[in-house]
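Please have the sequence and the 3D view open as you go.

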Amino acid sequence: MQNHPQLPGHVNMDQFNQMLISPESFAAKPESLTEQLFVERSLTENKFWLRIMKEHSLFLGEGFNRKDTHLIQQTDRFYHYFEQQEKKAYQTPNNVELVRKLNEESIDLVQGFRNFKRNLLILIINCKISGFNFPLLVDHIAREAEYFMRTLNKFNKGILDPIQDAIITENVFWIRIMMEHSRFIASLLDQSERNLVITARKFGDDFETLLNQARDVESMLYRKQPTYPIIGKLNNDSENAAQEILAFKKAGLELIKSCQIRNVISPLLADHVVREAEHFLYMIHMLENRLNAKKQAEQ
């Protein structure tokens, strides 16, 4: 039989025969982590997230009813634990076994704090305690603790998610964080700051659209055959949005520090969300470098 050239937009016989095979079987496998990268990434994530966890302890304590002394004391203890672990992260040398041990200790500490946050959330939702800790805020910081633990667990296993899956999961996680930051800011600004409130809400809406798009990509391509153009665009769209929210947060931080706007946002909280936007951009750039290296290797 004469072989005819494949027509654009049509499948050939080999492609047709593969269409009854699970598409997950064509997904890329996890990538191994070199010792150097293991040490560098572990120390970077510990230094960043242990400070974030320490500040979560402080923010939660400030939001409790002053009669809930046992809860306030517990967050004070967590603050002390994370402060000590953060110091240890800066003192840990570039040694694989010592860094692995640091990761294990951080995971154990964060697991306890994560459980505290999740149980606290249930108490708040069931009106068992009062105060000013929004349920969504507690859920937000619990998700961050879970993300930190997942990251360190993967490092200790010596693996990285395939680049496509990594871009999807990181973007879904971080875009939601940025969306919620925008809406928290809008609610903590005095409502007389009309233009800033409108701007913050607009950021929230824009990130919600971006989140829905990222979740669509997740539904279509997570743990499937690599499709780099779509994945690259997702990362680029996030980079542009992250740069814009970072500029807004930095400007807000300076206005808060100089007492030029009416709000109930502490300078530490404003700086906290700036650092998280910066870390999102760090992750985007690192993923972009991995994606470019992967594309070059497959050419």
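**Cysteines**

Cys-127 is exposed, with a relative accessible area of 67% (exposed means over 50%, buried under 20% and partly exposed in between, with a 1.4 Å probe and protein chains only). Cys-259 is exposed as well, also at 67% relative accessible area. The structure holds zero disulfides, a disulfide being a pair of cysteine sulfur atoms within 2.5 Å.

Before going further, please note that this is a predicted model, in which local features need pLDDT of at least 70 and side-chain atom pairs count only at pLDDT 80 or more, while totals for chains, interfaces and linings use all residues. Residues are numbered from 1 along each chain as its sequence is written, and side-chain values use heavy atoms, with hydrogens and water left out.

**Overall architecture**

- The protein chain has nine helices and two strands, taken as DSSP runs numbered from the N terminus (helices are H or I with at least four residues, strands E with at least two).
- Starting at the N terminus, the order of elements is α-β-α-α-α-α-β-α-α-α-α.
- Along the principal axes, the C-alpha atoms fill a box of roughly 85 × 50 × 40 Å.
- Of the 299 residues in the protein chain, 45% count as buried.
- Take the contacts (heavy atoms within 4.5 Å) between residues at least 6 apart in sequence: 81% of them join residues at least 24 apart.

**Helices α2 and α3**

- The axes of α2 (residues 35-63) and α3 (residues 69-91) come within 8 Å and cross at roughly 160°; axes are lines fitted to C-alpha atoms over the stretch in contact, with angles from 0 to 180 degrees between N-to-C directions.
- That crossing angle makes α2 roughly antiparallel to α3 (the term covers angles over 145 degrees).
- On the α2 side, the residues that meet α3 include Leu-43, Leu-50, Met-53 and Leu-58; among their counterparts in α3 are Ile-72, Phe-78, Phe-82 and Tyr-90.
- The residues of this contact divide into 11 nonpolar, five polar and five charged; Ala, Val, Leu, Ile, Met, Phe, Trp, Tyr, Cys and Pro count as nonpolar, Asp, Glu, Lys and Arg as charged, and the others, Gly among them, as polar.

**Ile-265 in its loop**

- Ile-265 is found in the loop between α8 (228-257) and α9 (267-297).
- With 10% relative accessibility, Ile-265 counts as buried.
- Neighbours within four places in sequence aside, Ile-265 is in contact with Ile-185, Leu-188, Leu-189, Ile-256 and Ala-270.
- Gly-252 lies 13 residues from Ile-265 along the chain, and their C-alpha atoms are separated by 9.8 Å.

Notes:
Angles under 35 degrees count as roughly parallel, over 145 as roughly antiparallel, 65 to 115 as roughly perpendicular and the rest as oblique.
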